[in-house]
Amino acid sequence: VTSVAVPYQLDPQNCLVITFQLPDSSSKDVLFKEKPLGLEFKKSVPLTVNCVRDVPQVQCGWIVTHLQGEEVATDLKEATNQLVRHVKDLPIRQRNGVRS
């Protein structure tokens, strides 16, 4: 079962949808509109959330399975490059709430 955090009507150029596998084997799509994402990952594959900051809809231990609908690579370097490629064009979150 997949739940969507935010409707997909947003311009995909300005956001990133990450699909996570949850501990119960279900999946959840979470939409990110700014960087940094507020997530840190274990340095192994599959890409697993190790630490979460200011992202209440994501929890530690969740596994990234897809980025923008694209399956995440099984090689750590390739998976990291995929993540960087998808995050690089997101606007930067400013501390005062203003995006750049």
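Modeller: Cys60 is partly exposed, at 46% relative accessibility; buried means under 20% relative accessible area, exposed over 50%, and partly exposed in between, with a 1.4 Å probe and protein chains only. This is a predicted model, in which local features need pLDDT of at least 70, side-chain atom pairs count only at pLDDT 80 or more, and totals for chains, interfaces and linings use all residues. Residues are numbered from 1 along each chain as its sequence is written, and side-chain values use heavy atoms, leaving out hydrogens and water.

Colleague: How many disulfides does a search of the whole structure find?

Modeller: A disulfide is a pair of cysteine sulfur atoms within 2.5 Å. The search of the whole structure gives zero. For Cys60, the closest cysteine sulfur belongs to Cys51 and is 5.9 Å away, too far for a bond. Cys15, by contrast, is buried, at a relative accessible area of 7%.

Colleague: Which side chain of opposite charge is nearest to Lys28?

Modeller: Lys and Arg count as positive, Asp and Glu as negative, with His and the chain ends not counted. A salt bridge places a side-chain nitrogen of Lys or Arg within 4 Å of a carboxyl oxygen of Asp or Glu. Lys28 is buried without a salt bridge, and the nearest side chain of opposite charge, that of Asp29, is 10 Å away. A polar atom of the Lys28 side chain does lie 3.3 Å from the backbone oxygen of Gln57.

Colleague: What is the mean pLDDT of the protein?

Modeller: pLDDT is the predictor's confidence in each residue, from 0 to 100. Its mean over the protein is 87, and 82% of the residues reach 70 or more.

Key:
Polar contact = N/O pair within 3.5 Å; in protein donor to acceptor, adjacent residues only side chain to side chain.
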